[in-house]
Amino acid sequence: EEGKITIFYNDNGVLQEKGIRQPELGFGESGSRFGSAITNLGDLNSDGFDDIAVGAPGLDFGAGAVYIFFGKQFPFVLEKDASQIIRASDLNQNLRGFGISFSRGLDIDSNLYNDFAIGASNSNNSVVLRTHPVVAYKGRISFSPLSINIATMKDFTMNVCIGAFSIKKVDYYMSNVKSKVIVKIDKNAEFTDDPDGKETTYELRAPVGTDEECKVFTLKASSMFSSTTLSSLRMSATVEQIDSVSQSFCKECGKIRSHHQFENQIAFQTGCKSEKCISD
């Protein structure tokens, strides 16, 4: 009653077993009937490999759930763990037997990503799940001036710029991505408006396409650093998506595949022959 799926690879007409997928089950999940339905959803995450949905209509004491597995390059074929578990209880408390049957993957809203319908036979219902377009972040850090003159030690500015791009080429407008950004500065640098702080967090809406959203910080080098041991200051930023609380589907709202981290460093103008100053 727990269920499992067995993966076979077609090697020139000969089926070869390539492993099984059987999720770890907890309390209330022993009769999950995992594998009651399977469907090919096409390439949901735009990595070049088809992905599948697996039904477990007995999960959560009969409410049901659907597991999404991303495809992988041979010989792995499928990811070991599900990328997403969609539980009936998260959609509607009255659903029963959710995941007993599937439609094939079909793009019903013309956003170039397949959607599919799921049967919930024990409650005489069906649910249509629609797929958000997949987007990824891009980011850069730049400085002005490009280097720090060690003789004057003037303040400098740091530009943190962030944008996003669609994994698939689409011909429709895509909404900006609500995002959280964490900026970390070198231990030998200081924010001019917060000398003791080494990290700051803020929110922005990252445009999808060629544009980017930038934020400027004014920094200075700490008076404690030594030019004999330090040649540059390294700064980094991490950006991640803030999930929407809206219950309605937005076909032009992208989902970020993963967070993005990027960095850059600003060098010191020491006047020394080598990167680090050495006594003559």
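Rings of Phe, Tyr and Trp (its six-membered ring) pair if their centres lie within 6.5 Å; planes under 30 degrees apart count as stacked, over 60 as edge-to-face and the rest as tilted. By that rule, ring pairs join Phe 34, Tyr 67 and Phe 69 into a cluster. The model is predicted, so local features need pLDDT of at least 70, side-chain atom pairs count only at pLDDT 80 or more, and totals for chains, interfaces and linings use all residues. Residues are numbered from 1 along each chain as its sequence is written, and side-chain values use heavy atoms, with hydrogens and water left out.

**Aromatic pairs**
- The whole structure holds seven aromatic pairs.
- Phe 34 is buried, at 2% relative accessible area (buried means under 20%, exposed over 50%, partly exposed in between; 1.4 Å probe, protein chains only).
- Phe 69 is also buried, with a relative accessible area of 2%.
- Phe 191 and Phe 217 form a tilted pair, because their centres are 5.9 Å apart and their planes stand at 55 degrees.
- Both Phe 191 and Phe 217 are buried.

**Charges over rings**
- Lys 168 sits over the face of Tyr 113, 4.3 Å from the ring centre (the cut-offs: NZ of Lys or CZ of Arg within 6 Å of the ring centre and within 35 degrees of the ring normal).
- Lys 215 lies over the face of Tyr 202, at 5.3 Å from the ring centre.
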